Amino acid sequence: GDSVAGRVFGTMHGRKRETLDESRARREASLPKVKLIRALQDDAIRRRREKVYDATSMAVTARLLEINPEVLTAWNFRREAIAAFERERRGAPSDATEDHEPLCGVSARAKPKVDAREVGNLADELALTERCLRKHPKSYPTWHHRKWCVARAARGEDSESEQVSSLLETELSMSKSLLDLDDRNFHGWGYRRFVVALMSTRGGGSNANRHEVGEGVREISTASALSELRYSEEKIERNFSNYSAWHHRAACLPRAFSVSSSVAGTRETNANEGDGAGTSGGDDEHENASEDRNFPRPSSAFVPERVLANEYALVRQALFTEPEDQAGWMYHRWLTAQTLNNRRRAEGAEFAAEKEESSAGAEFASEADALAELCELEPECKWPVLTLARLCDLKGTDTGAAESAARFDQLKRLDPTRRGFYCDCGGRA
């Protein structure tokens, strides 16, 4: 029979391992493409060094990026060309640089050669990124470039024009089409939050919540927030294992029904009383940070407990339907953190309205009962046991601590690979 080594190393992710001859043949077949990429890279770097911003430069970088969209220098070159064209159009010094796009590796002595007729076409940039994304839908540099172009248009001189409104509506529709094809593409979800944030920022108005995002501030309308929550719920109902949809919901939820700490919980933001919640956060136009930027800081806002109760009911459907899937459990843990945040705020409140005892303990008790039932229905599944162990510990009682320790002992038998972790958790409980 096959040896153990053959079974382990003979395949990778279900694919048969290449033989030496097959590997050599594949490498030889790729040599012409490699030579073309190197030639295009050399040409693009030379043109960037000499600051040649013309149609040929744009064509060279476009061809290179359609082959390999991970060449950051080519995207940077295109952004520099667009910025140079716009400075030329405004009559600004053509060799000036913008603080958000440093011309790394470019000779300071080279005088830009800008062909204003051929550079700076937004439609061309969107078309190029679309072609790249069709082949490489999870290319970070390509998504960043598209964000840069759209943000530049949305915040430019004509930011309030109908043309920009149409552009943002088209981009939102594009994100929907993408997510219809692959509803777990987190780049698409992040881009959707980015577009909705731009749309809300342009609209402004009194019905907007301000939240810090990175170094900037976003105004996101409650209407957009609620709409995004409904959208995420549709995706979740189709596939409980959609991590990105749960993340989108977590990013949106505090923005629709949050209570600002600046008013100490004396009033809620303009939000409906219905089930669900949320507004979409946006990534900064020069974003290099993670998607966690979309989460509002607990110190600035919190989610009312009535809304959290609805969310617990929603995620419970996923947990009872697919208890082995981790996506719902991750969202459940996030909800637990929000409930704890409310408890801490209530315990430390200075206002009479917040001095009442938080219902966090009651909420945890209700969840513990549901999870105990799930443990009986799925005796071999570790996730309800682990979550129940944590909830019991959060009750803050001796009985809860004892039950938590017993659950961690149960986990040692269910999941012996992580026995040390459970021993540590049980000891703390």
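Reader: Which helix is Ser 244 found in?

Author: Ser 244 sits in helix H10, where helices (H or I, at least four residues) and strands (E, at least two) are DSSP runs numbered from the N terminus. This is a predicted model, in which local features need pLDDT of at least 70, side-chain atom pairs count only at pLDDT 80 or more, and totals for chains, interfaces and linings use all residues. Residues are numbered from 1 along each chain as its sequence is written, and side-chain values use heavy atoms, with hydrogens and water left out.

Reader: Is Ser 244 buried or exposed?

Author: Ser 244 is buried, with a relative accessible area of 11%; buried means under 20% relative accessible area, exposed over 50%, and partly exposed in between, using a 1.4 Å probe and protein chains only.

Reader: And what is Ser 244 in contact with?

Author: Leaving aside neighbours within four places in sequence, Ser 244 is in contact with Arg 184, Asn 185, Phe 186 and Trp 189, a contact being heavy atoms within 4.5 Å.

Reader: Changing topic, where is His 145 found, and what does it touch?

Author: His 145 belongs to helix H6, residues 140-154, and counts as buried at 0% relative accessibility. Not counting residues up to four places away in sequence, His 145 touches Trp 75, Arg 78, Arg 79, Glu 125 and Thr 129.

Reader: Which residues have the most contacts inside the largest nonpolar core?

Author: They are Trp 246, Leu 253, Tyr 331, Leu 335 and Phe 408, in a core of 46 residues; a nonpolar core is a set of buried Ala, Val, Leu, Ile, Met, Phe, Trp, Tyr and Cys residues joined through side-chain atoms within 4.5 Å. Several helices each supply at least two residues of this core, including H10 (243-257) and H12 (326-347). Apart from this core lies another, of 16 residues, among them Leu 126, Ala 154, Val 164 and Val 195.

Reader: Which residues of H7 are buried, then?

Author: The buried residues of H7 are Val 164, Leu 167, Leu 168, Glu 171, Leu 172, Ser 175, Leu 178 and Leu 179. Seen down the axis of H7, they fall within an arc of 135°, so they line one face of the helix; the arc is that of the directions from the helix axis to the C-beta atoms. The face turned away from that buried side carries the exposed residues Glu 162, Gln 163 and Leu 181.

Reader: How many helices and strands does the chain have?

Author: The chain has 16 helices and 8 strands, and 46% of its 429 residues count as buried.
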